[in-house]
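This briefing goes through the fold of the structure shown below. The points are grouped by topic.

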2 protein chains.
Amino acid sequence: MTTAERLGNISLGEAMFTQRAIRRFKPDPIPDEVVRDIMEAAIRAPNGGNTQEWHFIVVRDAEKRRMLGELYHEAWWAKRKDAGINGPEDIPPGKSPMRSAMRMANEFGNAPVMVLLCSTVRSSAGAGSVIPAAQNMLLAARGFGVGGTITTLHPEVMDRVHQLFGIPDTALVVYCIPFGYPRGAFGPVTRKPLAEVCGADHWASPFQ
Amino acid sequence: MTTAERLGNISLGEAMFTQRAIRRFKPDPIPDEVVRDIMEAAIRAPNGGNTQEWHFIVVRDAEKRRMLGELYHEAWWAKRKDAGINGPEDIPPGKSPMRSAMRMANEFGNAPVMVLLCSTVRSSAGAGSVIPAAQNMLLAARGFGVGGTITTLHPEVMDRVHQLFGIPDTALVVYCIPFGYPRGAFGPVTRKPLAEVCGADHWASPFQ
């Protein structure tokens with residue numbers, strides 16, 4: 001059976017319309033064949049001129065995950081500090097994307113799999129060319145009941161991330177995606193109506 | 001019927017594994033409801049913190065398409081000239097991504113629909129946050145038998161693109177995707193094997 005066949009059990013519509021960012025994971029491991037299918041889906045994504053200037057690192061080793069988790073935690077707070085938020089006391093209570101992200105920063109190292117998405121060229125075009133693969137990975141993961149969310153790493157930890165995973169100086173870490181079976185459920189996302197974010201032939205003419 | 005239901009007829013596996021860049025289009029129009037479904041799929045894509053800092057412009061008006069086609073053609077050659085390629089005579093004969101892209105630059109204005117994907121913030125993080133939506137659009141289009149390909153516009157034409165579509169100076173045009181029914185077929189893409197572009201716990205340790 002091929003990856004395409006194993007992803008034959010979920011429709012495109014269901015995958016897309018029940019895909020949501022999953023930031024809390026069960027500790028259960030993800031079978032190797034599921035990880036492989038997610039990566040096979042990744043490399044089918046479009047990329048500039050089929051140059052495939054990308055490189056992925058699948059992190060499953062327990063010690064590497066622990067260390068990446070620590071770096072992620074440090075990076076998350078470094079980014080908050082850039083924005084004047086110095087600790088949990090500066091984050092408004094109640095459910096919010098930031099509170100949910102803070103919790104994930106605490107638990108990041110517990111995700112059973114993380115994937116670093118790198119560009120082999122250090123340019124914004126190169127970085128962009130890797131991103132469709134991130135969406136393929138998340139959709140394929142959804143197809144197998146696995147969740148994840150796109151994260152970025154703060155420059156403050158980048159040298160250590162390069163060192164930990166042997167990433168050449170000529171490459172750029174674009175995103176880091178933790179994967180795991182969700183605590184909580186997949187389901188529809190909340191979005192502004194299309195007419196607010198889409199124009200017809202002109203920015204300011206709402207698409208109907 | 002919802003978009004998710006209309007995208008229920010193709011599996012995720014088939015959509016992903018038969019998605020390829022389509023650069024030659026039939027002149028046939030795309031029904032409005034298909035365009036709408038593609039855009040509904042776009043806005044389900046993940047984006048940073050659900051801030052939805054994106055804006056799309058669907059271009060269907062004949063005159064606007066003609067003008068964007070001219071700008072695209074100029075932009076495509078401006079980018080080639082940056083790389084020392086001054087005309088068709090500098091492009092090696094035979095089938096190649098560049099030759100195929102050159103042909104598309106000639107025909108761009110004939111695509112029945114183009115979509116500009118913009119970030120409402122002018123930063124590379126903002127630009128990146130729009131890109132998963134591009135992949136959702138291309139996969140949804142594939143679900144309806146519609147093809148397209150990600151393109152970028154050269155800075156040389158950007159002021160005129162902003163003017164033509166009333167795009168604020170505070171926004172950034174990230175990608176422009178032409179859509180149409182393919183001349184030619186969908187089908188699998190050619191990619192390097194996973195072990196060449198994916199490491200296990202380390203950049204240089206091939207993922208098996």
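The model is predicted. Chain A contains 8 helices and 5 strands, and its elements come in the sequence order α-α-α-β-α-α-β-α-β-α-β-α-β.

**Overall dimensions of chain A**
- Along the principal axes, the C-alpha atoms of chain A fill a box of roughly 45 × 45 × 35 Å.

**Burial and contacts in chain A**
- Of the 208 residues in chain A, 48% are buried.
- Taking contacts in chain A between residues at least 6 apart in sequence, 82% link residues at least 24 apart.

**The sheet**
- An open sheet of 5 strands runs in the order E5(A)-E1(B)-E2(B)-E4(B)-E3(B), with mixed pairing.
- Its edge strands are E5 (198-200) of chain A and E3 (147-148) of chain B, each of which pairs on one side only.
- In general, strands of a sheet pair through backbone hydrogen bonds, either parallel or antiparallel.
- Strand E1 (residues 54-59) of chain B is antiparallel to strand E2 (residues 113-119) of chain B, and the pair is joined over 6 bridges.
- B:His55 has B:Cys118, in E2(B), as its bridge partner.

**A helix across the sheet**
- Helix H6 (residues 124-143) of chain B lies across E1, E2, E3 and E4 (172-180) of chain B.
- The angle between helix H6 of chain B and E4(B) is about 5°.

Terms used. Residues are numbered from 1 along each chain as its sequence is written. Chains are lettered from A and ligands numbered from 1 in the order in which they are written. This is a predicted model: local features need pLDDT of at least 70, side-chain atom pairs count only at pLDDT 80 or more; totals for chains, interfaces and linings use all residues. Helices (H or I, at least four residues) and strands (E, at least two) are DSSP runs, numbered from the N terminus. A residue is buried if 20 or more other C-beta atoms lie within 10 Å of its own, exposed if 12 or fewer, and partly exposed in between; C-beta atoms are placed from the backbone. Two residues are in contact if their C-beta atoms, placed from the backbone, lie within 7 Å. Two strands pair if DSSP finds at least two bridges between them. Axes are lines fitted to C-alpha atoms, for helices over the stretch in contact, and angles run from 0 to 180 degrees between N-to-C directions.
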